[in-house]
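Please keep the sequence and the structure in view while reading.

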Amino acid sequence: MRFSTPVFSRRAMAAAVASTLVLGYGMAPALAATPKDTLVVAFAFDDIITMDPAEVFEISASEVMGNTYDRLVRLDVNDPSKLINDIAKSWSVSADGKTYSFELKPGLKFASGNPLTADDVAFSLQRAVLLDKSPAFILTQFGFSKTNVKDKIKATGPLSLTLETDKAYAPSFVMNCLTADVGAVVDKKLVLANEVAGDLGYAWLKTHYAGSGPLKLREWRANEVVALERNDSYYGKKAPMARVLYRHIKESSTQRLLLEKGDIDMARNLSPQDLAAMASNKDIKVSSAPKGTVYYISLNQKNPNLAKPEVREALKWLVDYAAIGDTLIKNIGTVDQNFLPVGLLGASTVNPYKLDVDKAKALLVKAGLPNGFKVTIDMRTVQPVQGITEAFQQTAKRAGIDIEIIPGDGKQVLTKYRARTHDMYIGQWGADYWDPHSNATFVQNPDNSDDAKAKPLAWRNAWVAPELDKMADAAVLERDTNKRKKMYEDMQAEFRKTSPFIMLYQQVEVAAVRSNVDGFKLGPTFGSDYMFTASKR
């Protein structure tokens, strides 16, 4: 992929990548060093499917979006209950609570050099609704549709625009949704110049870039490298580093080796064991942050055995949460059996389940399955997911449940999961925006048909819970914070008992960096892990 005015040539990038690829494998001098103007990050990003912010719904790609695209407002990474201006100079809400008016900062430009106007912002939001990809529901839940979006979201001047919602939602909910990747602003002129057969530039933007953020996407090679470079047209403080290179490395031990040798500047997927082994290394420092990300095992209700309430409950008693917490996720997660991560309004810390094989066996007898049954689980081959899956396989076997593990890379596993052709699935869900309604995806499923327009996590597992669905609809309209908090607590209590989700833990994200790296910030969401603030001494 090429840019019209690249500042980082393909040859230079190849040289930088090569210098980090060969080091650490006995193919270069012992004293390795990454380029002074380049931040090299080891990261497992085999989940990336697209680089179009109207379609991005994967954790690794969300980090890229957060560093490369602007939006009206951003999450305050130091206090996620607050918002900060991004390209919006100011905003206001009408007396009836339905019209949101924005004024943009003047003099903004895209990386292409094109001016950034209110028309670009309106186009970007309209485009996401019109394309109707997975994250579109974040916007369509406010009543926007293909037929009305151009009337409901529109520029009212060169630097002003309005959004008109169908109901008077809690303003914090609406504004937090605009921090999501689907709210990223794309260069209308550049995107439409690459439109094919009315696709709004969809085919082109899968692998190209049309943003205005502090970094810009130079290249993405699946399961190999993501190359970002500084955007000198960015309105704010320029990124200290000329470029950021993500190398796709899944193995914790390999990441650790490369970091210790200085072949990379940052390791992002280290196991508890490798983190502990580096604790005394004065050349490496570790930062961590609780993440709005929860890990879970889900049970597809299309499978008749998994659809039995007793089986759903039995499987929740067949996870050794304590052992997982003490070993597999030590320092990188905390056991949590709820769909809201701690930090979000209404999050619960009630964890009623523990490993109890006898209780699980009794429930299987009630389900008419005294001898157990066979089932499959789809698993991304990364740690600690693989270790947790294998441990679950062993404990489930003690109750007569024979689990076949089907491994795959992130793209393979996610594609199957989204088609709901799995039996069981293990994975994670990261909040798209800092509001509890982001995780209502676990309980809401208004249309369970295979061709449903909205496909939340409940739909992916063919689970319909009308009462929980109604509770979620009511909670998002509740303006009294204490009442809203109680509604989410009640939802989670019911969810724990009846849902087809075995909630495992909340992630604590950890990044180990060389001691000469400063300014890197881990945020509460993956879209707020900021590489553009990092520098090297």
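The model is predicted. Strand β10 is covered on both of its faces: R243, L245 and R247 are buried on one side, and V244, Y246 and H248 are buried on the other.

Which strands are joined to β10 by bridges? Strand β1, residues 38-43, runs parallel to β10 and is joined to it by 6 bridges. Strand β9, residues 225-230, runs antiparallel to β10, and 5 bridges join these two. R247 in β10 is the bridge partner of A42, and V225 stands opposite R247 as well.

The second topic is a loop residue. H208 is found in the loop that lies between α8 (202-205) and β8 (215-221). Is H208 buried or exposed? Buried means under 20% relative accessible area, and H208 has a relative accessible area of 17%, so H208 counts as buried.

| Pair | What is compared | Distance |
|---|---|---|
| H208 and W204 | side chain of H208 to backbone oxygen of W204 | 2.8 Å |
| H208 and T207 | polar contact between the side chains | 3.2 Å |
| H208 and R218 | C-alpha atoms | 8.0 Å |

Along the chain, H208 and R218 are 10 residues apart. The contact of H208 with T207 joins two side chains, whereas at W204 the side chain of H208 reaches a backbone oxygen.

Methods. Residues numbered from 1 in each chain as written. Predicted model: local features only at pLDDT ≥ 70, side-chain atom pairs only at ≥ 80, totals over all residues. Heavy atoms only, no water. Buried < 20%, exposed > 50% of the residue type's maximum accessible area, 1.4 Å probe, protein only. Helix = DSSP H or I, 4+ residues; strand = E, 2+ residues; numbered from the N terminus. Pairing = 2+ DSSP bridges. Polar contact = N/O pair within 3.5 Å; in protein donor to acceptor, adjacent residues only side chain to side chain.
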